[in-house]
Amino acid sequence: MPPKKAAKEEKLLLGRPSNNLKIGVVGLPNVGKSTFFNALTKSSAAAENYPFCTIDPEESRVAVPDERFDWLCKHYKPAKEIPAFLTVIDIAGLVKGAASGAGLGNAFLSHIKAVDAIFHVVRAFDDADVTHVEGDLDPLRDMEIIHEELRLKDEEFLSKQAAELGAAVKRVGHGGNAADKARKEEYAVVEKVYEYVKSGKEVRHGTWTNKEIEVINTLHLITAKPVIYLANVSEKDFLRKKNKWLPKIKAWIDANSPGDLMIPYSGALEYRLSIIEDPAEKAETLKELGVNSMLPKIIVAGYNALQLIYYFTGGPDEVRAWTIRRTTKAPQAAGVIHSDFERGFIMAEVMKYEDLKEYGNDAAVKAAGKYMQKGKDYVVEDGDIIYFKFNVTAPAKKK
């Protein structure tokens, strides 16, 4: 009898294993963070020209734009429409020396630690009326400051963790029980990550084993979080699609943080558009200017950076997008609707959005043999339309 094939180990994701994740807007003071946040959420966080005008982080949920969701709403004509949401937090400006407490440094850095990904806003516009905390415009220096402050905060935290764990391991010596062995393994990982960060690197760019990722995820390190760079240019530069800093910013990202996304946008233009309440007037303004708003692209990029996807449920009562993390299996995806769905999971009946759109209705999809019945090992894919079958007879286990 041939030996069994070893099951392929699924690669763990860095970050909290949750579907309720947040993205923080980070940058130096006066780079356009609050203006971007206000345009994104149409909320009114203070956007005065003064460093530290945002101290308590503002939080808002924005709908994730998706043509598939819009089509499903037209198709089912439901009583309720609930899209997927991205939770965005406006964090006050970080300054040079924040890691050692400059400005309002430590409070800001703890706010950044509490989010799961970062929109790093970089100022690439000249404006004599908007002061620059460093005196003059230099996006590369600004990016270096933020990059270094966040890394230093992780280095400081890891130094303390390594010292505490090292002392505990020393006390145990060579013996110890299973818990002591686990602590030794944790110490080895923390020490390895500490050396990596101390060498000037960011945790998310490292190659880690699943065991190491399990430990890293308990530490909530800032440099383990995905980053999207938002280059804030003037309206004039955005309209003419030209800005002298953009190639330099892109080159800096490629050299220091390869693979990260850069999205150019104009905060001033986006804010001007956000206060036009009539959709027709907004569309006409964009048509006259010959550009598109960059906010939908930014929202979708933020959602993807958090490793989030969603599946749909649809019918005359409700069309809804249910947020899950990538690689989630069917029972856990069902549990997002209700814990009973996960506990009593029988199967997932799955349609692909493209099939429903092509064949026109559920019955035609079934007739074409495209309606699938999937079990507990099915990994849910982005845009699946799912109906769960479940049966709960036993009471829920006490925790």
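## Overall picture

Accessible areas here come from the Shrake-Rupley method with a 1.4 Å probe, and for residues only the protein chains shown count as cover. On that basis the protein chain has an accessible surface of about 20,700 Å², with 53% of it belonging to carbon and sulfur atoms. This is a predicted model, so local features need pLDDT of at least 70 and side-chain atom pairs count only at pLDDT 80 or more, while totals for chains, interfaces and linings use all residues. Residues are numbered from 1 along each chain as its sequence is written, and side-chain values use heavy atoms, with hydrogens and water left out.

The protein chain comes to 15 helices and 12 strands, taken as DSSP runs (helices H or I, at least four residues; strands E, at least two) and numbered from the N terminus. Of its 399 residues, 47% count as buried; buried means under 20% relative accessible area, exposed over 50%, and partly exposed in between (1.4 Å probe, protein chains only). Contacts are heavy atoms within 4.5 Å. Among those with a separation of 6 or more, 72% link residues 24 or more positions apart.

## Nonpolar cores

In soluble globular proteins, nonpolar side chains tend to be buried together. A nonpolar core here is a set of buried Ala, Val, Leu, Ile, Met, Phe, Trp, Tyr and Cys residues joined through side-chain atoms within 4.5 Å. The largest one has 75 residues, and Phe36, Leu86, Phe119, Leu230, Ile249 and Ile298 have the most contacts inside it. Helix H11 (residues 295–305) gives the most to this core, with six residues. Apart from it lies another core, of 17 residues, including Val189, Tyr196, Trp208 and Ile213.

Take Leu230 as a way in: leaving aside residues up to four places away in sequence, it touches Phe36, Phe119, His120, Val121, Val122, Ile263, Tyr265 and Ile298.

## Salt bridges

Count a salt bridge whenever a side-chain nitrogen of Lys or Arg sits within 4 Å of a carboxyl oxygen of Asp or Glu, and you get 24 of them. In one, Arg16 pairs with Asp116, the closest N and O atoms being 2.8 Å apart. Arg16 lies in the segment before strand E1 (22–26) and Asp116 in the loop between helix H3 (105–113) and strand E5 (117–123), so this pair ties together parts that are 100 residues apart in sequence. Arg16 is partly exposed at 30% relative accessible area, whereas Asp116 is buried at 12%.

Glu202 and Arg204 also meet in a salt bridge, at 2.9 Å from N to O. Glu202 is buried at 7%, and Arg204 is buried too, at 15%. Over in helix H8 (residues 246–256), Lys250 and Asp254 are four residues apart, about one turn of the helix, and their side chains bridge at 2.8 Å. Lys250 is partly exposed at 37%, as is Asp254 at 40%. Elsewhere, salt bridges that share partners join Asp66, Arg68 and Asp382 into one network.

Arg325 lies in strand E9 (residues 318–325).

The side chain of Arg325 does reach the backbone oxygen of Leu14 at 3.2 Å. Residues that Arg325 touches, not counting those up to four places away in sequence, include Leu13, Leu14, Gly15, Arg16, Leu306 and Ile309.

Terms used. Polar contact = N/O pair within 3.5 Å; in protein donor to acceptor, adjacent residues only side chain to side chain.
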